[in-house]
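Here is a friendly walk through one protein chain, written to be read beside the structure. Keep the viewer open and follow along.

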Amino acid sequence: MKKYRNSIVTALVCFLIVLVLNFILPRLLPGDPIAYLSGFAEEDMTAAQYERYASALHLNESLPKQFWYYLRSLLDGSLGYSFKKEAVVSALIRERIGSTLQITLPAVVLSTGIGLVWGLHCGYRKNSLRDRLSTSALIVLNTVPSFLIALVLIILLCFQHRIFPYTGLSSAGLEPGVPGFWADRLRHLFLPMLTLTLGAVPSRYLLMRNTVRKAAEEKYVLYARQRGLSDWKIQYCYILKNIAQPFITMVGMSVSLCVGGSLVIENIFSVNGMGKLLTDAVYTLDYPLMQGILFVTTGIMVISIVASDLLCILIDPKVRWGEELA
């Protein structure tokens, strides 16, 4: 219980650190903080514009009051204002995050399911031909960066064989409600989802496989075999129940990695999601928008870590009530 409590506290502390850094860094960097908080260089502003930005950003107030206005922008969900795009940051993120989640969530679910089932079967049958081939292949795949996987898939399945489209999430002229829209959307989603899934499966598989190999030598597994229980029941009713915690924790921590990885993959497949929004923010020096995206991705990371730790506590009575129940 203490381990999971410490993990939750650490995640929340990291979130608070990012929250404070988002506020304090633009004010500590050399130069005028208006340039970092508005995205416009001082030399590009007229005196009237400079005063307007200073008033809008509350820089004429004391630092505690500025921090209060900053917190209020987070509490009301606006996350600040993008002067470059002339829009509230949260509205810009809401427009794009749906496209990102359409790629990320299926990839997390698929990679988790494949890594769990495949790793469980190969770890239980250690040193079998399936185990050796699978482990060797996924160790190699684990060293390949996601963007390289994406490029290989594009070359093979888009350019050479023309099976899948390689840009966007929908074909031109297709809108929701039009016949064939969802089939077309799935064809566009397939390669980005496959890229993220292939990038995430090796770590899940290797953790599950190595954990199962150790668990397969425990006494409770040997007793179950002696009782004549089927391999399926031993794997899913005995071993999985006892080793679920580290796997759930790793999945929770890797959700944010999938979100971060999707920001790169989106640019390769020209998906108009958070990745494109972040790229635009970086190229145009839109600091408020960059800070908003960092805040949201950090929030997703914290939520996934806390949720995975709470799930570990719920599924294991020993964690809830102490090791004396073992």
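Helices here are DSSP runs of H or I with at least four residues, numbered from the N terminus. With that in hand, we can turn to the chain itself, which is a predicted model.

**The overall picture**

The protein chain has 13 helices and 2 strands. Its C-alpha trace spans about 85 × 55 × 40 Å along the principal axes. Of the 326 residues in the chain, 43% are buried.

How confident is the predictor? The average pLDDT of the chain is 82, and 94% of the residues score at least 70. Among the elements, helix α6 (residues 129-142) has the highest mean pLDDT, 90, while helix α13 (residues 317-321) has the lowest, 59.

**The largest pocket**

The largest pocket holds about 500 Å³ of space. It is lined by 23 residues, and the closest to its centre are Leu 57, Tyr 70, Ser 73, Gly 80 and Tyr 81. Which helix supplies the largest share of this lining? That is α4, with 6 residues. Helices α1, α4 (63-75) and α12 each give at least two residues to the lining. By residue type, the lining divides into 12 nonpolar, 8 polar and 3 charged residues.

**Aromatic pairs**

A search of the whole structure turns up 9 aromatic pairs. Two of them are set out below.

| Pair | Distance of centres | Angle of planes | Type |
|---|---|---|---|
| Phe 15 and Phe 295 | 5.3 Å | 45° | tilted |
| Tyr 53 and Phe 83 | 4.9 Å | 70° | edge-to-face |

Why is the pair of Phe 15 and Phe 295 called tilted? Planes under 30 degrees apart count as stacked and those over 60 as edge-to-face; the planes of Phe 15 and Phe 295 stand at 45°, so this pair is tilted. The pair links distant parts of the chain, with Phe 15 in helix α1 (residues 2-28) and Phe 295 in helix α12 (residues 287-315), 280 residues apart. Phe 295 has a relative accessible area of 15%, so this residue counts as buried.

The rings of Tyr 53 and Phe 83 have their planes at 70°, so they make an edge-to-face pair. This pair, too, links distant parts of the chain: Tyr 53 sits in helix α3 (residues 47-56) and Phe 83 in the loop between β1 (81-82) and β2 (87-88), 30 residues apart. Both residues are buried.

There is also an aromatic cluster, formed by Phe 23, Phe 67 and Tyr 70.

**Cysteines**

How many disulfides does the model contain? With a disulfide taken as a pair of cysteine sulfur atoms within 2.5 Å, the count comes to 0. Two cysteines can still be placed by their accessibility. Cys 14 is partly exposed at 33% relative accessibility, and Cys 237 is partly exposed at 37%.

**Two local spots to look at**

Ile 34 lies in helix α2 (residues 33-38). Its relative accessible area is 2%, so Ile 34 counts as buried. The C-alpha atoms of Ile 34 and Ala 54 are separated by 6.7 Å, although these residues are 20 residues apart along the chain.

Which residues of helix α11 (residues 274-283) are buried? They are Met 274, Gly 275, Leu 277, Asp 280 and Ala 281. Just after α11, Leu 285 takes a positive phi of about 55°.

How values were computed: Residues numbered from 1 in each chain as written. Predicted model: local features only at pLDDT ≥ 70, side-chain atom pairs only at ≥ 80, totals over all residues. Heavy atoms only, no water. Phe/Tyr/Trp six-rings, centres within 6.5 Å; stacked < 30°, edge-to-face > 60°. Buried < 20%, exposed > 50% of the residue type's maximum accessible area, 1.4 Å probe, protein only. 1 Å grid on protein atoms, 1.4 Å probe; cavity = no way out; pocket = protein on both sides within 12 Å on 5 of 7 lines; lining within 4 Å. Points joined across faces, edges and corners; volume = space filled by probe spheres on them. Nonpolar A, V, L, I, M, F, W, Y, C, P; charged D, E, K, R; others polar. pLDDT = per-residue confidence, 0-100.
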